[in-house]
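Welcome to this short tour. Open the model in your viewer, keep the selection tool ready, and follow the stops below.

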Amino acid sequence: MKKIILSITVAATLFSCNSVKDVNTSTLTQAATLLSSLSSNSTVQQISSLFSLLDTNNDEAISTTEAIGSVAENFNILDTDSNSSLNLTELTGLLSLLK
């Protein structure tokens, strides 16, 4: 129940931000739901799906404006090459943070 409430809260907060008004809300909701369901038992395929949902401009990287939830909260930790964006390999590091 907490994860559902968190997902709804994250989505509602993001919908109110000007920087994401042009983002497909269905995709954002899917990303928030998937992110809230991740655990230490999650797979790389689930991270790959999350990456695709978050990469809204399809540039093969997640910027700080595309990151949500725990990805945004841990962005600097996940950004191992310090280039201000996350590639799929870096996002996979989220799995180790869930342990």
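Select Ser 85 to begin. Leaving aside neighbours within four places in sequence, Ser 85 is in contact (heavy atoms within 4.5 Å) with Ala 61, Ile 62, Phe 75, Asp 79 and Glu 90. Ser 85 sits in strand β2; helices (H or I, at least four residues) and strands (E, at least two) are DSSP runs, numbered from the N terminus. Is Ser 85 buried or exposed? With a relative accessible area of 16%, Ser 85 is buried; buried means under 20% relative accessible area, exposed over 50%, and partly exposed in between, using a 1.4 Å probe and protein chains only.

A word on what you are looking at: this is a predicted model, where local features need pLDDT of at least 70 and side-chain atom pairs count only at pLDDT 80 or more, while totals for chains, interfaces and linings use all residues. Residues are numbered from 1 along each chain as its sequence is written, and side-chain values use heavy atoms, with hydrogens and water left out.

Now zoom out to the whole chain. Of the 99 residues in the protein chain, 36% are buried.

Next, select Leu 50, Val 71, Leu 91 and Leu 94. These are the residues with the most contacts inside the largest nonpolar core, which has 21 residues. A nonpolar core is a set of buried Ala, Val, Leu, Ile, Met, Phe, Trp, Tyr and Cys residues joined through side-chain atoms within 4.5 Å. Colour α2 (25-37), α3 (44-54), α5 (75-78) and α7 (94-97): each supplies at least two residues of this core. Which residues does Leu 94 contact, leaving aside its neighbours within four places in sequence? They are Leu 35, Leu 38, Ile 47, Leu 50, Ser 70, Val 71 and Leu 78.

Stay with α2 for a moment. This helix has 13 residues and reaches 18 Å from its first C-alpha to its last, close to the 18 Å expected at 1.5 Å a residue (the expected span is 1.5 Å times one less than the number of residues). Its buried residues are Thr 27, Leu 28, Ala 31, Ala 32, Leu 34, Leu 35 and Ser 36.

Move to Val 44, in helix α3. Val 44 counts as partly exposed, at 47% relative accessibility.

Glu 66 is the next stop, in the loop between β1 and α4 (69-73). At 8% relative accessibility, Glu 66 counts as buried. Show its side chain: a polar atom there lies 3.0 Å from the backbone nitrogen of Thr 56, and one lies 3.2 Å from the backbone nitrogen of Asn 57. Beyond residues up to four places away in sequence, Glu 66 touches Leu 54, Asp 55, Thr 56, Asn 57, Asp 59 and Ala 61.

Finish with two backbone details. Most residues other than glycine have a negative phi. Asn 58, in the loop between α3 and β1 (62-63), has a positive phi of about 55° although it is not a glycine. Asn 58 counts as exposed, at 62% relative accessibility. Ser 84, in the loop between α5 and β2 (85-86), also has a positive phi, near 65°.

Note on methods:
Polar contact = N/O pair within 3.5 Å; in protein donor to acceptor, adjacent residues only side chain to side chain.
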